[in-house]
Amino acid sequence: MNKQKNRSRRTFCILAALLAQSLIAESAVYAFHQPAPNSLASGKRPSSIGSPAPGDFTNGPHDGKEVEAFLDGFFANDAIKQKAGAAVISVVHDGKVLVSKGYGVTDRMSQSQVDASRSTFRIASVSKVFTAAAVMQLVDQGKISLGDNIETYLDGYKITNPFDTPVTIENLLTHTTGFEVREASDADFLTNDSQKPVTLKESIFHQFPPVVRKPGMSYMYDNFASKLLGYIVQQASGEPFGSYMQKNLFDPLGMTSSSFSLNNELSERLVKAYDPANSAIPVYDLSPREWPEGSMISTASDMALFMKAFLGGGRAPDGTVILSPESVKGMSTYHTAIHRDVPDMTYGFESPVDPSRANGEDVISKGGDILGFSSLLWLLPDRKTGIFVSYNSNGDLRNDLFAAFMDHYYAARKSTFGPEGYKPQPQNALAKFEGLYSDLRIKLLTRVEAAGDGSLLVSDVSGRHRLKQVDDLLFVDEQGKPLAFKKDADGRIAYLKYLNVFSYGAKIPENQEGYPDVPVGHPYATYILGLKSLGFLTDERSQPFQPQEAVSRGAFIHAFNAIWSIPGSAHPSSFKDIETSPYRKDIQAAVEAGILNGTGNGLFEPDRPITREEAASIVFRLLVETGIRVPDSTARLAPGTSEWAADAVSSAVIWKLHGPEVTESGGVIDYGSQRALNKQELAAMLFTMLLPM
């Protein structure tokens, strides 16, 4: 079971990051750059907003000894040591490696010191930069055109695309395909030698997504798009993806410890990773073995070689042209933006949106997370400076480093959004922004309301925020974080981008019809109709919804897994009584995720109505498994909650994951723990997980 739980934690990588950001208000810190007005339209690489006052910033790192002293102090901090037991970092400037150094130990048992040139790390989605570079090489060679319809490279396969706009290579590079979400599952991680990986081609066509939004209109971080780019590299070059990368990028750059597959030699040097419970994570392989979107293994020293070449105009140490100046520019220029001040993607790099951390500097960045490892690569092209960090845990150490590094080497200068002197619009003019928006990648919700003072009130799982208007489609909250909107072809507000920097949120149509027994004014209409609009309810609107019908244990797991995109498991059943259940795969997946227990004697009782405290416990285990910190306080519960469920029910109350059925009298909460959960209460629980009321 331990191996199953280790495997299943991978399922929650995205969810954990998003919930951690939301429920405990710890938003991730990434590099950000604001483009100058009209820079995207002109094709020029954006420059920083504002001009530095004399003496209020330095020119960045120059002296290797000073940089090493700064990093030594950073990694000596006890709080940083607790976040990762092994880390590597490289800093390059103006063609020189200032520092390439390891910190900590490769294995807690051996206590061997981390070596920047020998210790290997999984760099996860930083791999996408290299896949994009390979595509740009083939563009340089004339074998690929950015405007090509991707079907050109699919051997006759026709994608499901109801729009008259094709998906292009550029759409793949900028994550603007309009594809339905596709993410890795447990089946893509191999933990023993008897498991045979599928080929890259098999992986692509087994899960090829349909186009559900017009290509080019919306941004959604897209692992499948990068996987497909790797396959297109294979198709256009005529050789396997991994072989191409080795011959055309790693070998010319001298990156002798880098690969997209974990061979024996690199595996022996791979730093041991540990889970949140401090248990060693077994070394795993991947299926397919080479993920263009995230399987690369490397060292800090190898990454320094890449940064030097990229910042040096695309040339290898021996002068070989790895990337043309045009391709380097293409990878350094933002090509998509929801607003000119809030860019999305270059070809290979992304631009998260925290202007205060970048201190007005021109920064492009790429972060990466895979089970047991996190990384961050950020470049300041104008200053010919690059930094890479990787470590053996999934946490926010990189955020701390980015903030400390930028504050130390680039004194803060003020950055502003929107035109100077912009006059906010009155409340009636802001009504067009009002409504619910659903994140394109993971269905968390954002509610937007126009306030009487000309500002917007925005609610999401992180809380309630007041935002001031600084441009026609741009607002800024109390912490200086921007919220940008985008219109559709008819001039209606269609998307927003706010705290989740990895995708837009799509506006949900407002003309929602009810069910015969759930009219619009029903006390649970918001929850039920909200889930229906998001596609989570299959009940026909013309038929009664039966809101007070009890929910079975199996049906609850099915609905719960659907909300969090937990795929069904093909592994053997853990319970004797679920073989004939229509929810068998859902139940087994929840078991492997560590969020589900049986009822004893090897049984699950899938057809029995689930009690409210059982449902709360499953939600609670999900949050614990994903690393969410439980509330420090506890709710005063009325008698009736089982001792084993007290923490879960208390947390559900504090997080307000319920509807109006939960009542309070004299500070005591009656959760109705022993009652069977019904359909309307299930809708309230699931909807409030997406958007607390």
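This is a predicted model: local features need pLDDT of at least 70, side-chain atom pairs count only at pLDDT 80 or more; totals for chains, interfaces and linings use all residues.
Residues are numbered from 1 along each chain as its sequence is written, and side-chain values use heavy atoms, with hydrogens and water left out.

The protein holds 22 helices and 21 strands, taken as DSSP runs numbered from the N terminus (helices: H or I, at least four residues; strands: E, at least two). Of its 693 residues, 57% are buried, where buried means under 20% relative accessible area, exposed over 50% and partly exposed in between, with a 1.4 Å probe and protein chains only. Among contacts (heavy atoms within 4.5 Å) with a separation of 6 or more, 69% join residues 24 or more positions apart.

Helix packing comes next. Two packed helices are described by the angle between their axes and the distance between the axes. Here axes are lines fitted to C-alpha atoms, for helices over the stretch in contact, and angles run from 0 to 180 degrees between N-to-C directions. The axes of α18 (residues 553-563) and α22 (residues 679-690) come within 11 Å and cross at roughly 20°. The two helices α18 and α22 are therefore roughly parallel to each other (angles under 35 degrees count as roughly parallel, over 145 as roughly antiparallel, 65 to 115 as roughly perpendicular and the rest as oblique). On the α18 side, F556, A559, F560 and I563 meet L682, M685, L686, M689 and L690 of α22. By class, this contact has nine nonpolar, no polar and no charged residues; Ala, Val, Leu, Ile, Met, Phe, Trp, Tyr, Cys and Pro count as nonpolar, Asp, Glu, Lys and Arg as charged, and the others, Gly among them, as polar.

Aromatic rings come next: rings of Phe, Tyr and Trp (its six-membered ring) pair if their centres lie within 6.5 Å, with planes under 30 degrees apart counted as stacked, over 60 as edge-to-face and the rest as tilted. The count comes to 35 aromatic pairs. One of them, F130 with F250, is tilted, at 6.1 Å centre to centre and 55° between the planes. F130 lies in α6 (residues 127-140) and F250 in α10 (residues 241-253), so the pair ties together parts 120 residues apart in sequence. F130 is buried at 0% relative accessibility, and F250 is buried at 1%. An edge-to-face pair is formed by F189 and W291, at 5.4 Å centre to centre and 80° between the planes. Ring pairs also link F130, F241, F250, F260, F306, F310 and F349 into a cluster.

Finally, the backbone. Most residues other than glycine have a negative phi, and most peptide bonds are trans. The peptide bond from S287 to P288 is cis, with omega near 0°. A124 has a positive phi, near 55°, and is buried, with a relative accessible area of 1%. H175 also has a positive phi, near 60°, and is buried at 3%.
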